[in-house]
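I opened my notebook to look up a few local features. My notes follow the structure.

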Amino acid sequence: LSKHIGEVQPTLKMSHFVVEYENHPVFKSSNSTKSPVRIFTDQPLAEITLPDEQYKFCDKCGMHVPKEVTHCVKCKCCPPINRATKHCNKCERCVRDHYVHCGVCEGCRPMTHHCKSPSVCHRCQQPGH
């Protein structure tokens, strides 16, 4: 999503924000799953301060990111997905640690995924992008 928004509105930059709910069956503070919220703004990201107990400032990116996120030297950014921990050289992006590269759909997915060949875009249902 951030790539598409950046193409249409290049002045907008994305800031990471994580929401935890008290009464949600999945996104609650006692669960390791958190709900990421993407904030797009034209304000300098270094000026957006997020709570120190959940975020750290990345000097390379110049913005606050969740503490779980590690800066990727290959992507030259902090990955915009929650808990991305490794870089896939075939996909040329950061993916979750438990994802593997699938040679059929040419994407990184959980080992148990049921892929379509070829992989199709979830927005337009067309392959190749």
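**Notebook: rings and backbone angles**

I looked up Glu92 and found it exposed, with a relative accessible area of 63%. My scale, with a 1.4 Å probe and protein chains only, is: buried under 20%, exposed over 50%, partly exposed in between.

I note that this is a predicted model, where local features need pLDDT of at least 70, side-chain atom pairs count only at pLDDT 80 or more, and totals for chains, interfaces and linings use all residues. Residues are numbered from 1 along each chain as its sequence is written, and side-chain values use heavy atoms, without hydrogens and water.

I checked the backbone of Glu92. Its phi is positive, near 60°, and Glu92 is not a glycine. I placed Glu92 in the loop between strand 5 and strand 6 (93-96). Strands are DSSP runs of E, at least two residues, numbered from the N terminus.

I then turned to Lys76. Lys76 also is not a glycine, yet has a positive phi of about 60°. Lys76 sits in the loop between strand 4 (63-66) and strand 5 (84-88). Lys76 is exposed, at 69% relative accessible area.

How many aromatic pairs does the whole structure hold? My search found one. Rings of Phe, Tyr and Trp (its six-membered ring) pair if their centres lie within 6.5 Å; planes under 30 degrees apart count as stacked, over 60 as edge-to-face and the rest as tilted. The ring centres of Phe17 and Tyr55 are 6.3 Å apart and their planes at 5°, so I logged the pair as stacked. Phe17 is in strand 1 (residues 13-19) and Tyr55 in strand 3 (residues 55-58), so the pair ties together parts 38 residues apart in sequence.

Tyr55 is buried, at 3%. Phe17 is partly exposed, at 29%.

Key: Helix = DSSP H or I, 4+ residues; strand = E, 2+ residues; numbered from the N terminus.
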